[in-house]
Amino acid sequence: MIIAITGTPGVGKSTVSKILFDKLKSNDVSYINITEIVSKEGFYLEKDVEMDSFVVDFDKLTEYIRSIKTEDLILDGHVSHYLNPDYIVVLRANPLLIKNRLESRKYLPKKVMENVEAELLDVCLIESIEKNDESKIFEIDCSEKNPENIVNEILMFLDSKNPEYGNVSWLEDYFYLIE
């Protein structure tokens, strides 16, 4: 089973993925941080210097993932929903929280704004729906939840296999900014 943990940078994917990995460790499970493996193994077409990011070579990345022999695999990354997972967990967080987290990580202002806009517009959720069977998708608002509780929700989803998404929207909270 391949579990994609996706969402806008700053939502808590890595923290949640690592806790999930620890909880599933008794099984035959592996963990891949997509951002790290793309950079380390050169699974990219080019580097976008302006945005300080890589353009992922999905063919090479997919081939690498297929070569991993494990019962379960956790894919941690904001593009993991493109990798034909069995289940997709879309983590969401308040855009202001994302802004603060990315600024504290010293992201470039343009990159901070791009990611805040992506969260406001549900980009990872919409891409997940467009690229996958909707019955695989589970969305969680992580804004005010601790990572252990988020992982417990993920485990309940994996057990029940009941999809749930479309309940998180930031537009009403921030619509006044564009009026």
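Asp122 lies in the loop between helix 5 and helix 6 (123-131) and Arg92 in strand 6, so the pair ties together parts that are 30 residues apart in sequence. Helices (H or I, at least four residues) and strands (E, at least two) are DSSP runs, numbered from the N terminus.

I note that this is a predicted model, in which local features need pLDDT of at least 70 and side-chain atom pairs count only at pLDDT 80 or more, while totals for chains, interfaces and linings use all residues. Residues are numbered from 1 along each chain as its sequence is written, and side-chain values use heavy atoms, with hydrogens and water left out.

I then checked accessibility, where buried means under 20% relative accessible area, exposed over 50%, and partly exposed in between (1.4 Å probe, protein chains only). Arg92 is buried at 2%, and Asp122 also counts as buried, at 18%. A network of salt bridges links Arg92 and Asp122 with Glu119 and Glu139.

I counted nine salt bridges in the structure. One of them joins Glu50 to Lys110 (2.1 Å, N to O). Glu50 sits in the loop between strand 3 (44-48) and strand 4 (53-56), and Lys110 in helix 5, 60 residues apart. Lys110 is partly exposed, at 49% relative accessibility. I also recorded Lys25 with Asp22, whose closest N and O atoms are 3.7 Å apart; Lys25 is partly exposed at 48%, as is Asp22 at 49%.

I turned to strand 1. Four of its five residues are buried, so strand 1 is largely enclosed by the rest of the structure. Strand 1 pairs in the parallel sense with strand 5 (residues 72-76) over four bridges, pairing being assigned if DSSP finds at least two bridges between two strands. Four bridges also join strand 1 to strand 6, again in parallel. Ile3 has Ile74 as its bridge partner in strand 5 and Tyr87 in strand 6.

Last, I examined the nonpolar cores, sets of buried Ala, Val, Leu, Ile, Met, Phe, Trp, Tyr and Cys residues joined through side-chain atoms within 4.5 Å. The largest has 30 residues, of which Ile5, Leu20, Leu91, Ile140 and Ile154 touch the most other members. Elements giving two or more residues to this core include strand 1 (2-6), strand 6 (87-92) and helix 7 (147-160). Apart from it lies another core, of 12 residues, including Ile37 and Leu83.

Definitions and conventions:
A salt bridge is a side-chain nitrogen of Lys or Arg within 4 Å of a carboxyl oxygen of Asp or Glu.
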